[in-house]
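Take a look at the structure below. Keep both chains in view as you read on.

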Protein chains: 2
Amino acid sequence: LYADPVPESEQPNGDAVLDRAFALLRAFSAERTELNLTELSRRSELPLSTTRRLAGQLVALGALERPAARRYTVGVRLWEIASLAPRGLGVRAAALPFMEDLYEVTHQHVLLAVREHDEAVLVERLSGHQAVDVLYRIGGRMPLVTTGVGLVLLAHAPQEIADAALVTASDPAALRRTLADIRRDEVTSFRPGPPWPVVSVAAPVRDRSGAVVAALSIVVPDGRGNPQALSTAVRAAARGISRSAREVAAHRQN
Amino acid sequence: LYADPVPESEQPNGDAVLDRAFALLRAFSAERTELNLTELSRRSELPLSTTRRLAGQLVALGALERPAARRYTVGVRLWEIASLAPRGLGVRAAALPFMEDLYEVTHQHVLLAVREHDEAVLVERLSGHQAVDVLYRIGGRMPLVTTGVGLVLLAHAPQEIADAALVTASDPAALRRTLADIRRDEVTSFRPGPPWPVVSVAAPVRDRSGAVVAALSIVVPDGRGNPQALSTAVRAAARGISRSAREVAAHRQN
């Protein structure tokens with residue numbers, strides 16, 4: 001009451017500071033991994049002065065880096081912390097040897113994804129130089145209903161996520177059958193259709209409680225390879241990852 | 001002056017909030033990827049009430065997740081942001097196809113690391129089921145002077161980093177020769193010695209300005225494989241990554 005009023009945007013309020021710091025971090029994208037202060041300010045919708053102060057603090061903490069004067073990127077130290085996310089690199093560590101086996105058989109794309117609300121987040125991808133041209137980016141998001149890994153995750157998602165997907169599906173009955181088939185078969189072959197001449201063969205990865213925590217897939221040109229053999233290979237690899245992840249988890253608890 | 005004094009630890013000061021939030025995030029480690037509130041509070045050296053409030057905010061932002069009641073882990077959403085770090089997954093994306101080629105030749109460890117001050121941070125690792133038993137963790141740190149990738153990064157580090165390493169080296173003259181050899185040959189074969197029966201063959205990855213931004217290596221059992229062939233393969237792969245990363249950077253700037 002006795003101090004001058006501080007404008008809302010400049011208030012050093014604790015809660016707001018954290019929200020704003022994450023608004024700054026979220027300003028970066030796969031297309032724009034390097035931003036200057038003006039761009040940071042505009043994309044995070046924060047005043048320039050706030051942006052400058054917060055960016056300076058984030059640089060001091062290693063969450064941002066300055067590769068050149070007035071340029072900012074996400075920092076390796078943030079990446080070090082984030083690499084401890086169990087649903088990111090954790091499941092990936094258990095999965096990688098099995099993914100490499102699949103990669104050697106196909107030399108195409110081998111994908112590992114987890115569900116984040118109503119989308120799939122790609123946590124690992126192995127792709128050959130000559131793999132079919134599909135745009136997958138690690139850390140990137142994909143819809144659940146238009147990818148093999150997404151459908152596997154959707155088949156094992158909470159009811160409200162599945163219901164929302166069925167409401168917006170062009171053919172709800174077909175989607176419902178697909179999800180039931182995935183739960184029964186523990187594997188699916190998904191063809192996105194033209195213009196993508198590929199087939200994605202995907203299977204669930206489970207934790208020790210049996211809950212589905214990730215989905216594994218290979219994406220190959222449609223018509224190449226024996227579909228039955230691919231299904232068997234992906235299912236076996238997914239089971240191997242589930243077993244290996246359980247062993248890691250059990251070891252950590254001791 | 002007219003309000004009750006708020007204890008320092010409870011002050012909703014903006015700068016302190018950000019520092020404390022990162023202290024919470026840094027409380028996690030490879031050995032402890034899941035913590036309860038008491039552990040978070042102890043490891044971040046923050047009062048329990050502050051820890052509870054900040055952890056709640058970080059969960060709302062997706063930086064933390066609660067896999068079970070009162071348990072916290074680093075969140076996939078933080079990992080998504082961090083995956084945009086150019087020195088993390090950026091260089092990795094350019095490197096992966098070349099790393100897979102090396103992996104197929106050796107079926108051992110293929111490593112990619114960047115320098116963070118006076119340590120190497122592992123940004124990628126491909127390892128077979130049967131690879132020699134060495135503990136590498138993605139996102140983990142390694143000393144510069146006791147690893148192949150570290151020595152390559154040290155050979156191209158700023159003078160003050162090299163000076164500090166030479167001061168603490170057991171044989172400064174030998175280390176100085178090794179670093180000069182690496183700068184001349186663009187490749188090194190490093191044997192850590194007993195009890196590790198391995199050889200690490202490492203080479204630098206450069207950006208378009210010629211600056212060394214990462215180091216690539218294969219780690220194989222000592223005595224297996226032709227040393228000359230391994231050196232040639234690693235050097236060729238590192239040059240391939242450098243070229244590929246430059247193309248990506250050039251593309252991004254358009």
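This is a predicted model: local features need pLDDT of at least 70, side-chain atom pairs count only at pLDDT 80 or more; totals for chains, interfaces and linings use all residues.

Start with the symmetry. Two copies of a chain are related by a rotation about an axis and a shift along it.

Next, the contact itself. Chain B gives 66 residues to it, and chain A gives 66 residues. Of the interface residues of chain B, 100% are also interface residues in chain A, so the copies meet through the same surface.

How much area do chain B and chain A bury between them? The value is about 5800 Å², with 63% of it on carbon and sulfur atoms. In chain B, the residues that lose the most area to chain A are L18(B), W79(B) and L84(B). Together they make up 13% of what that side buries.

Now the polar side of the interface. The rule finds 4 salt bridges across it. A salt bridge joins the side chains of R77(A) and E116(B), at 3.2 Å from N to O. Also across the interface are 8 residue pairs in polar contact.

Which elements of chain B give two or more residues to the side that touches chain A? They are α1 (14–26), α3 (48–60), β3 (71–74), α4 (76–82), α5 (86–106), β4 (109–116) and β5 (119–126). The largest share, 12 residues, comes from α5(B). By class, this side of chain B has 33 nonpolar, 15 polar and 18 charged residues.

Key. Residues are numbered from 1 along each chain as its sequence is written. Chains are lettered from A and ligands numbered from 1 in the order in which they are written. Side-chain values use heavy atoms; hydrogens and water are left out. Contact means heavy atoms within 4.5 Å. Buried area is the accessible area (1.4 Å probe) that two parts lose on being put together, summed over both. A polar contact is a pair of N or O atoms within 3.5 Å; within protein, one must be able to donate a hydrogen and the other to accept it, and residues adjacent in sequence count only if both atoms are side-chain atoms. Helices (H or I, at least four residues) and strands (E, at least two) are DSSP runs, numbered from the N terminus. Ala, Val, Leu, Ile, Met, Phe, Trp, Tyr, Cys and Pro count as nonpolar, Asp, Glu, Lys and Arg as charged, and the others, Gly among them, as polar.
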